[in-house]
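Keep the structure open while reading.

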Amino acid sequence: MAKKEIRSFYLETLGCAKNSVDSRSMAEMLAAAGYQESGQPGEADVIIVNTCGFIHPARQESLKVLRGFARDKRKGQHLVAAGCLSERDKDKLVKQVEGLDAVFGTRRWSDILKIMDRLAESPPSPYVYFPPSETIQPPPDSLMQAVVQGASAYLKIADGCDRLCAFCAIPLIKGPMVSRPLEQIIRDARVIAFQGVKEIILIAQDTTAYGRDLGMRDGLTTLLQDLMAAVPQIPWLRVMYAFPGSISDDLVDLMSAHSQVLPYVDLPLQHAHPQVLKRMRRPHKMDKVRALIEQLRGKMPSLALRTTFIVGYPDETEEEFETLLDFLSEIRFDHAGFFPYYHEPGTSAFSLADTVPDELKDERLQRLAALQEEISLSINRGLVGKELDILMEGHGDGMSVGRSYRDAPEIDGLVLVNEILPPDGLVRARVIGALVHDLIAEKIK
């Protein structure tokens, strides 16, 4: 049978920044092979959905998007499910979404060209591609693993995770951590710098574990040192997803000594009661957590500290939740995200009973969020009169929008400036007003 000609593709990305990087890498592989990227799904020969499968709401969103594309798929068009949901629910996905033409997972995203070749041969649908793979399979060495979004770029330094957190499905989906060779990361950073980017955001499941599988000691510190030397023209280097207990003294010293590495620490703690943390299989010695935060703030007085907490973990008592509330009041995080516990199949916590009712989870979430709003507004008011560098990202209705070093894209706050300023550049501004999550500022003339 003659091959069917496939010329174009459309890529829909769901989930985290790591998925965005994978999608951009797939797009580059496809473009290099002669495929054209379409801006509209209806115009493409193949629609590829890079799904998210981390928690229940993300899975439901992925299924909704896939079913929508399947419903609207025109004759001769192909629909491909890729990414984390495909990896996690490979045995169920083809039954859940009628009209899929191919399914392959996040561990093999770099095999996208094989999928396209197979589709051209008109295989029986759906074509399910899951060769054995214990880890994320690396793409060609020459492929950049980064995505530029405006004046910022996400740069992947590793994928997968070796942690055994009881609630988390990431190791189930992605397998053990695989660090990228340092020289590839430095090469990508140089390419990004050439494009005029002002901020590089380092991402992985656990950035502080970078390089352990390569035999590196304190690999993140080494990587940052090399990045500063390689791309001195990039004013902001931001680190995401630092694991409690894995932030070395050398890393703290480097961050405090070099303004290029932003004084911003994303420290997902998940809870504050030792017994809950033990049940979560997380670091549970809160005296060490407090000592780390004291060290960070002592070395970096302008530190912006972000965290995330899970509410309603199995058997969470009111006393344990009150401990979390008290800890939030005590530490006063600049930013905090709160999530209800989701009972995820395949995780070790799934063997426990989901004992906290959804209504109680919601009520506790609201109490935490209300407290954090008070803290955030208080911190923001304390910034009024201060000068900050603002990375401008856009404008409209006579106002410009940007971020300070305190704010990571999409998850933290914004800085609003009451004049039109060109995007993609840093401006010096004075804070003149405070909102719960955002700041109001004026450019210093």
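Helix 1 covers residues 17–32, 16 residues in total. From first C-alpha to last, helix 1 reaches 23 Å, close to the 22 Å expected at 1.5 Å a residue. The model is predicted.

**Helix 1**
- Helix 1 is mostly covered, with 12 of its 16 residues buried.
- Ala17, Lys18, Asn19, Ser20, Val21, Asp22 and Ser23 are among the buried residues of helix 1.
- Ser25, Met26, Ala27, Met29 and Leu30 are buried in helix 1 as well.

**Helix 7**
- Helix 7 runs over residues 182–194 and has 13 residues.
- At 1.5 Å a residue, helix 7 should span 18 Å; its end C-alpha atoms lie 19 Å apart, which agrees.
- Buried in helix 7 are Leu182, Gln184, Ile185, Ile186, Asp188, Ala189, Ile192 and Ala193.
- An α-helix has 3.6 residues a turn, so residues three or four places apart point the same way.
- Just after helix 7, glycine 196 has a positive phi of about 85°.

**Helix 9 against helix 11**
- Two packed helices are described by the angle between their axes and the distance between the axes.
- Helix 9 spans residues 249–257, and helix 11 spans residues 286–299.
- Their axes come within 9 Å and cross at roughly 25°.
- Angles under 35 degrees count as roughly parallel, so helix 9 and helix 11 are roughly parallel to each other.
- The crossing of helix 9 past helix 11 is right-handed.
- On the helix 9 side, the contact residues are Asp249, Val252, Asp253 and Ser256.
- On the helix 11 side, Gln295, Leu296 and Lys299 meet them.
- By class, this contact has two nonpolar, two polar and three charged residues.

**Arginine 108**
- Where is arginine 108 found? Arginine 108 lies in the loop between strand 5 (102–104) and helix 5 (112–120).
- Is arginine 108 buried or exposed? Its relative accessibility is 17%, and buried means under 20%, so arginine 108 counts as buried.
- Leaving aside neighbours within four places in sequence, arginine 108 is in contact with Tyr129, Pro131, Pro132, Ser133 and Gln137.

Notes:
Residues are numbered from 1 along each chain as its sequence is written. This is a predicted model: local features need pLDDT of at least 70, side-chain atom pairs count only at pLDDT 80 or more; totals for chains, interfaces and linings use all residues. Side-chain values use heavy atoms; hydrogens and water are left out. Helices (H or I, at least four residues) and strands (E, at least two) are DSSP runs, numbered from the N terminus. Buried means under 20% relative accessible area, exposed over 50%, partly exposed in between (1.4 Å probe, protein chains only). Contact means heavy atoms within 4.5 Å. The expected span of a helix is 1.5 Å times one less than its number of residues. Axes are lines fitted to C-alpha atoms, for helices over the stretch in contact, and angles run from 0 to 180 degrees between N-to-C directions. Angles under 35 degrees count as roughly parallel, over 145 as roughly antiparallel, 65 to 115 as roughly perpendicular and the rest as oblique. A crossing is left-handed if the near helix is turned anticlockwise from the far one by less than a right angle, and right-handed if clockwise. Ala, Val, Leu, Ile, Met, Phe, Trp, Tyr, Cys and Pro count as nonpolar, Asp, Glu, Lys and Arg as charged, and the others, Gly among them, as polar.
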